[in-house]
Amino acid sequence: MSTTVMIAVLFSALLHASWNAVVKSGREKGLDIVLVATGSAAIAAAVLPFLTPPAQASWHFLGVSALIHLVYFVLVGAAYRAGDMGHVYPLMRGTPPLLVALASGPLIGETLKPAGWFGILFICGGILAMAFVGRRGGTPALRPTLLALANALVIAGYTFVDGLGARASGSPAAYTLWGFLLMALPMMVYGVVVYSRTPDIALRVRSRLPIAFGGGACSIGAYVITLWAMTEAPIALVSALRETSIIFAVAISTFVLKERSGWSRTAAAGVIMAGIAVLKLS
């Protein structure tokens with residue numbers, strides 16, 4: 001994996017953690033998910049006329065991806081309502097790269113060298129450790145843990161679908177924007193059904209417009225970079241490197257959202273950094 005690709009994916013990780021923190025910071029997390037999806041769609045609709053359309057071979061990937069992402073957004077909102085970002089986020093993001101790495105050989109014929117495996121194991125091990133180390137107040141509740149693991153399966157699914165779709169599209173940016181546009185349509189319908197009768201909904205929506213467009217821009221930017229990287233490097237390696245967003249997420253949850261965090265998470269972050277180094281060497 002080249003240095004350029006690594007730096008780009010690490011920047012994508014920062015963008016991804018940022019929009020997740022935006023959603024976690026709000027009182028109406030489900031509404032904010034809908035608004036971020038709507039903001040993403042508005043940005044996509046404005047930019048798509050200036051891009052070359054994705055190749056026809058990628059269209060069926062787009063359809064499947066839109067459905068999977070709908071489930072993803074619903075589960076993100078549910079998981080954040082049920083538990084702390086510092087616990088839920090590591091589980092959602094630390095498990096999928098392992099699943100993708102294990103399935104890459106049988107499904108798409110991409111096998112990893114030993115150094116690649118070690119790098120992924122270091123990164124995922126450090127991420128998963130962050131979900132449990134340094135916690136106070138006993139064992140985490142079962143519901144947020146199960147929601148996070150369920151979303152991990154969803155994330156692994158769309159990672160494969162979109163990685164292959166971007167490769168077939170000939171235009172990763174256009175593929176990504178079409179994906180966000182298609183995904184947003186059912187999300188907007190969901191938002192109307194669920195929130196249309198909420199008191200002062202118009203005022204709430206107006207007050208969260210910066211969240212909608214800021215979060216939407218971060219979400220699109222993060223995924224455009226990730227899918228481009230998957231056309232340049234093995235999907236499993238990009239998937240693992242992208243999940244270093246946990247370092248940014250934990251920092252945000254600790255210093256901005258004021259959630260509890262233990263010193264041992266620093267050691268887990270060190271393990272993740274070791275994994276990044278191993279991937280670079282590989």
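## Helices α5 and α11

The axes of helix α5 (residues 96-108) and helix α11 (residues 235-242) cross at roughly 170 degrees and come within 9 Å. Here axes are lines fitted to C-alpha atoms, for helices over the stretch in contact, with angles running from 0 to 180 degrees between N-to-C directions. Helices themselves are DSSP runs (H or I, at least four residues), numbered from the N terminus. α5 and α11 are therefore roughly antiparallel to each other; angles over 145 degrees count as that, under 35 as roughly parallel, 65 to 115 as roughly perpendicular and the rest as oblique.

On the α5 side, Pro97, Val100, Ala101, Ser104 and Ile108 meet Ile235, Ala236, Ser239 and Ala240 of α11, where contact means heavy atoms within 4.5 Å. Sorted by class, this contact has 7 nonpolar, 2 polar and no charged residues. (Ala, Val, Leu, Ile, Met, Phe, Trp, Tyr, Cys and Pro count as nonpolar, Asp, Glu, Lys and Arg as charged, and the others, Gly among them, as polar.)

## About the model

This is a predicted model, in which local features need pLDDT of at least 70 and side-chain atom pairs count only at pLDDT 80 or more, while totals for chains, interfaces and linings use all residues. Residues are numbered from 1 along each chain as its sequence is written, and side-chain values use heavy atoms, leaving out hydrogens and water.

## Helices α1 and α4

Helix α1 (residues 3-25) packs against helix α4 (residues 85-94) at an angle of about 140 degrees, with the axes 12 Å apart. That is why α1 and α4 count as oblique to each other.

From α1, the contact takes in His16, Ala17, Asn20, Ala21 and Lys24; from α4, Met85, Tyr89 and Arg93.

## The aromatic cluster

There are 3 aromatic pairs in the structure. Rings of Phe, Tyr and Trp (its six-membered ring) pair if their centres lie within 6.5 Å; planes under 30 degrees apart count as stacked, over 60 as edge-to-face and the rest as tilted. Tyr72 and Tyr158 have ring centres 5.4 Å apart and planes at 80 degrees, so they are edge-to-face. Tyr72 sits in helix α3 (residues 59-82) and Tyr158 in helix α7 (residues 142-169), 86 residues apart.

Tyr158 also pairs edge-to-face with Tyr223, at 5.9 Å centre to centre and 85 degrees between the planes. Tyr72, Tyr158, Phe180 and Tyr223 make up one aromatic cluster. Tyr72 is buried at 3% relative accessibility, Tyr158 is buried at 2% and Tyr223 is buried at 7%; buried means under 20% relative accessible area, exposed over 50%, partly exposed in between (1.4 Å probe, protein chains only).

Notes: Helix = DSSP H or I, 4+ residues; strand = E, 2+ residues; numbered from the N terminus.
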